[in-house]
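Subject: Structure for you to look at

Hello,

Here is the structure I said I would pass on. Please open it first; my notes on what was found follow below.

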2 protein chains.
Amino acid sequence: MENLTEKTVSKEQIYSGKIIDLYVEEVELPNKKIGKREIVKHPGAVAVLAVTEEGKILMVEQFRKPLEKTIVEIPAGKLEKGEDPLECAKRELLEETGYSCKKIESIGSFYTSPGFADELIHLYFTDSLINKGEQMTDEDEFVNVLEISIDEAKEMMKNQQIHDAKTVYGVLYMELNHANRK
Amino acid sequence: MENLTEKTVSKEQIYSGKIIDLYVEEVELPNKKIGKREIVKHPGAVAVLAVTEEGKILMVEQFRKPLEKTIVEIPAGKLEKGEDPLECAKRELLEETGYSCKKIESIGSFYTSPGFADELIHLYFTDSLINKGEQMTDEDEFVNVLEISIDEAKEMMKNQQIHDAKTVYGVLYMELNHANRK
């Protein structure tokens, strides 16, 4: 295999923010020429595929400023500094939906946009929800909780109400692994 | 349904780059308080799930500077200004793998990171590859082409060689829709 590594020649921090930082790096390409890479640093995130006793998926409806529209997503949130992803998943599930869970398991992780960002999403699955209480969202976070069947979710994918990577992955995962649940 | 819209109060452009721009916006939240949103603008992208006669998925091995590692992805690339996503899909397939195709169809689209970016990936499927020629990648793009079976792809997901949203989605899509092909 050809060595594809790009070595950093110089690195400039453009922005340091609440959620993301932005860097521009000059890199030495495999052919020894110099290229430019724009890199968004993100703390990483979790998402939870949480299924009710009735086999419905918990989702949250949320306005997403970058898209200037409201979409429906599985509960998710960014990692706090040093936070274990599994603990973060339980926290986000509780904060966004009011639910706790008895058991929760990892179903993988993926980078969202490896071309320009290092955001890694850790995905979890639970079907043992307990103790429905109140939402406890962050002060700048406003979400409506929904319970969606797989068939409804597939329909919402078609009409682009469900329209983001972690949620479409979650719907396919459910279809593949839990299609017998309705 | 509660109105979740966030109205822009002020908007500052932090960076204008080759691939992304960065804005910071002050928004009026649903409770009338002021919040801050960091927003990466991206032109959008395409990805192609391209399946050979033998039922193998075309993938490209590529160093991703934001991750500081090489991962294996389905062929993809960003939209040129005004470019039709379907034409872009055919172009990227040709440039990255050397293949053309007789037929190509849309299998949906998703936002990669709706919390901080507006990147939308359009996904296409083809199993009618023709005319294998030479790669014609961009001057700062270096990729190795691979042909991966579904079983190999699932194994590579486990050991995190396949580790990005569009590609794990593609593998699940194949498993769900074309599992009879080996």
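Which side chains meet in a salt bridge at 3.2 Å, N to O? They are those of A:Asp140 and B:Arg37. Please keep in mind that this is a predicted model. Between chain B and chain A the count is 4 salt bridges, and the pair A:Asp140 and B:Arg37 is a salt bridge of this kind. Across the same interface, 26 residue pairs are in polar contact, both residues being at pLDDT 80 or more.

On the side of chain B that touches chain A, several elements give two or more residues, among them the strands β1 (7-16), β2 (21-28) and β3 (34-41), and the helix α3 (165-177). The most comes from α3(B), with 8 residues. Sorted by class, this side of chain B has 32 nonpolar, 22 charged and 14 polar residues.

As for extent, 68 residues of chain B are in contact with 68 residues of chain A. About 5,800 Å² is buried between the two chains, and carbon and sulfur atoms give 66% of that area.

Finally, how the copies are related.

Regards

Note on methods:
Residues are numbered from 1 along each chain as its sequence is written. Chains are lettered from A and ligands numbered from 1 in the order in which they are written. This is a predicted model: local features need pLDDT of at least 70, side-chain atom pairs count only at pLDDT 80 or more; totals for chains, interfaces and linings use all residues. Side-chain values use heavy atoms; hydrogens and water are left out. Contact means heavy atoms within 4.5 Å. Buried area is the accessible area (1.4 Å probe) that two parts lose on being put together, summed over both. A polar contact is a pair of N or O atoms within 3.5 Å; within protein, one must be able to donate a hydrogen and the other to accept it, and residues adjacent in sequence count only if both atoms are side-chain atoms. Helices (H or I, at least four residues) and strands (E, at least two) are DSSP runs, numbered from the N terminus. Ala, Val, Leu, Ile, Met, Phe, Trp, Tyr, Cys and Pro count as nonpolar, Asp, Glu, Lys and Arg as charged, and the others, Gly among them, as polar.
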